[in-house]
Amino acid sequence: MTLPENQNPERRKLIEASDRYKHELENEINQISVKTEKAITNALIIGGTLALTYVVVNQLTRSYKKPKRKKNTSKDQTEEAETDEVDEPSMLAQFGNKLVDRATILLLDLAKEKLAEYIQSKKREDS
């Protein structure tokens, strides 16, 4: 006389163990996908921050060449044109440079914090 499949104790234990392993495996996969998503998000934030910093710095520090004035025949006008070409940066340009410096420092600090968080999360995973 054989027992039905549902009443066989060995088979029931194997099915329960299989279900338990299946749930554990699904949980691990979910955890890995969440961690990967966080890592990718952090990498995108850091990369975007660095790219934005690069673009802002290039746009604000780009030197604009003034068109050269036509040389006139008189000496006074020639001397005047030469002195005009050597202008100091305007107040607005100095303010822009300081603003770019501050923004760069702020964005690099943000990137540093994100990298530190990422490294700490990796250390916790390894432990």
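In what order do the elements of the protein run from the N terminus on? The order is α-α-α. The model is a predicted one. It holds three helices and zero strands.

The chain has 127 residues, of which 9% count as buried.

Helix 1 spans residues 9-61. It is 53 residues in length. From its first C-alpha to its last, helix 1 reaches 77 Å. That value is close to the 78 Å expected at 1.5 Å a residue. Several positions in helix 1 are buried: Ala17, Asn42, Ile46, Thr49 and Thr53. The cover over these buried residues includes helix 3, residues 91-126.

Beyond its neighbours within four places in sequence, Thr53 is in contact with Thr104 and Leu107.

Aromatic rings were examined next. A pair of such rings is described by the distance of the centres and the angle of the planes. Across the whole structure, the search finds zero aromatic pairs. One ring does have a charge over it: the charged end of Arg20 sits over the ring of Tyr21. The distance from that charged end to the ring centre is 5.9 Å.

Technical notes. Residues numbered from 1 in each chain as written. Predicted model: local features only at pLDDT ≥ 70, side-chain atom pairs only at ≥ 80, totals over all residues. Heavy atoms only, no water. Helix = DSSP H or I, 4+ residues; strand = E, 2+ residues; numbered from the N terminus. Expected span 1.5 Å × (residues − 1). Buried < 20%, exposed > 50% of the residue type's maximum accessible area, 1.4 Å probe, protein only. Contact = heavy atoms within 4.5 Å. Phe/Tyr/Trp six-rings, centres within 6.5 Å; stacked < 30°, edge-to-face > 60°. Lys NZ or Arg CZ within 6 Å of the ring centre and 35° of its normal.
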